[in-house]
Amino acid sequence: MNMAEQKNMLWGELRRNEPMARHTSWRAGGTVDRAYVPVDLEDMRLFVASLPPHEPLYVVGLGSNLLVRDGGLRGTVIFSHRVLKSVRHEGNAIHAEAGVPCPKLARFAAQHELAGAEFMAGIPGTVGGALAMNAGCYGGETWGIVESVTTLDRAGQLRQRTPANYDLGYRSVKLREGAEEWFVAARFRLPRGDRAKSRATINELLKRRIAAQPLELPNAGSVFRNPPGDHAARLIEACGLKGHVLGGAMISAKHANFIVNTGHARASEIEALIELAHSAVKQKFGIDLEREVRIVGEAA
Ligand SMILES: Cc1cc2nc3c(=O)[nH]c(=O)nc-3n(C[C@H](O)[C@H](O)[C@H](O)COP(=O)(O)OP(=O)(O)OC[C@H]3O[C@@H](n4cnc5c(N)ncnc54)[C@H](O)[C@@H]3O)c2cc1C
């Protein structure tokens, strides 16, 4: 089948110059050349296989760890969260597609009396984003509960992989053998738990988050990874940057490792604050903070 024939078989929606501010939790940034919303996994598979081999391709979940620069993103984005959203329970495991929101997975596990996914309740992204980032909090980490994943490659081929296929670290995931792949589903293995206990843990975690994080304004969670034995927020605060404003962006006055959009922030203002915090901490403490949020695209 040639590319034109394959394209005719696609059912999803292709949008041009899609504003990524609509799809990122910072609510800022430029457009992407092409955005595709597939109708199902098969449609996504055919779409990926129909793309020219060098077309830059990104799968985006809930955009809660992503900044697209104001000049926009060249290439194609596929949105996973409206389509890959099935979740089911099989004995001591949960099978979730990549577009399932992490809080839904946490509640689903609790409901089925499986323990260990409670930490996911406070991560406002998708399962796919959590797999890509090895997202975690309060002692739990996504890959700590993964039994296997299903991935999709450029040729549209699906593969089963296990954690042994990846180099895994704190907020870091790398496929050992090179090729580009995206996550479409995961199987989580969890020990038996107690529904009421898991629900109480989830409620407690959410309360702690509401108390500590500036959730009332658009943000992307922690901007930097915590350096060994310390906290990025403490270091940034010690540089006197809490509450520092640049245009529509501000280093949160509540949590210095968060940058909030106070109204009409440009991605460039958010990025400049990230650079300011990085260089201030480097100068004062000699610590090279590593960015956790991903920044893509071109400056305006
Ligand atoms: C208020 C708030 C609190 C947060 N708290 C935490 C926390 O406690 N712990 C934590 O770890 N993170 C936290 N985050 C960050 C964020 O929620 C996580 O990193 C989350 O896992 C990102 O998921 P997403 O679907 O939003 O990913 P996106 O932001 O859409 O994407 C992030 C990256 O993953 C890639 N990606 C997304 N889906 C896939 C896929 N299916 N296959 C391959 N690559 C993919 C994207 O291309 C991008 O590079 C927080 C964010 C916010 C806004």
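## A walk from the sheet to the ligand

Strands S10 and S14 pair in the antiparallel sense, and seven bridges hold the pairing. That is our way into this structure, which is a predicted model.

Stay with strand S10, residues 146-153. Its bridge to S14 can be followed at one residue: Val 146 has Phe 188 as its bridge partner in S14. S10 also pairs with S11. Four bridges join S10 to S11, and these two strands run antiparallel. Here Leu 152 has Leu 158 in S11 as its bridge partner. S10 and S11 form a hairpin with four residues between the strands. In that hairpin, Gly 156 takes a positive phi near 85°. How much of S10 is buried? Seven of its eight residues are, so S10 is largely enclosed by the rest of the structure.

Strand S7 covers residues 93-97. Four bridges join S6 to S7, and the two run antiparallel. His 89 stands opposite Ile 94 in S7.

Next comes the loop between strand S9 (140-141) and strand S10. Thr 142 is found there. Is Thr 142 buried or exposed? Its relative accessible area is 0%, so Thr 142 is buried; the cut-off for buried is under 20%. A polar atom of the Thr 142 side chain lies 2.6 Å from the backbone oxygen of Ala 135.

Another loop, between S8 and S9, holds Tyr 138. Tyr 138 has a phi near 45°, a positive value in a residue other than glycine. Its relative accessible area is 38%, so Tyr 138 is partly exposed. Asn 17 also has a positive phi, near 50°, and is a residue other than glycine. Asn 17 lies in strand S1, residues 13-19. At 52% relative accessibility, Asn 17 counts as exposed, because exposed means over 50%.

Now turn to the ligand. How many residues surround the ligand? There are 34, and the closest are Gly 61, Ser 64, Thr 126, Gly 136 and Arg 209. This shell divides into 16 nonpolar, 14 polar and four charged residues. Several polar atoms can be picked out. An N or O atom in the side chain of Thr 126 is 2.7 Å from an oxygen atom of the ligand. A polar backbone atom of Gly 63 is 2.9 Å from a ligand oxygen. A polar side-chain atom of Arg 171 lies 3.2 Å from an oxygen atom of the ligand.

How much of the ligand does the protein cover? On its own, the ligand has 970 Å² of accessible area, and the protein covers 93% of that. Some elements give two or more residues to the shell: strand S3 (57-60), helix H4 (127-133), strand S8 (136-137) and strand S14 (181-189). Helix H4 gives the most, with five residues.

Two more stops remain. Helix H2 covers residues 41-50. Which of its residues are buried? They are Asp 43, Met 44, Leu 46, Phe 47, Val 48 and Ser 50. At the start of H2, a side-chain oxygen of Asp 40 reaches to within 3.3 Å of the backbone nitrogen of Glu 42.

Finally, find Val 296 in strand S18, residues 294-296. Its relative accessibility is 16%, so Val 296 counts as buried. Val 296 and Leu 73 are 223 residues apart in sequence. In space, they are 6.8 Å apart, C-alpha to C-alpha.

Terms used:
Residues numbered from 1 in each chain as written. Predicted model: local features only at pLDDT ≥ 70, side-chain atom pairs only at ≥ 80, totals over all residues. Heavy atoms only, no water. Buried < 20%, exposed > 50% of the residue type's maximum accessible area, 1.4 Å probe, protein only. Polar contact = N/O pair within 3.5 Å; in protein donor to acceptor, adjacent residues only side chain to side chain. Near = heavy atom within 4 Å. Areas by Shrake-Rupley, 256 points an atom, 1.4 Å probe, with all protein chains shown as cover. Nonpolar A, V, L, I, M, F, W, Y, C, P; charged D, E, K, R; others polar. Pairing = 2+ DSSP bridges.
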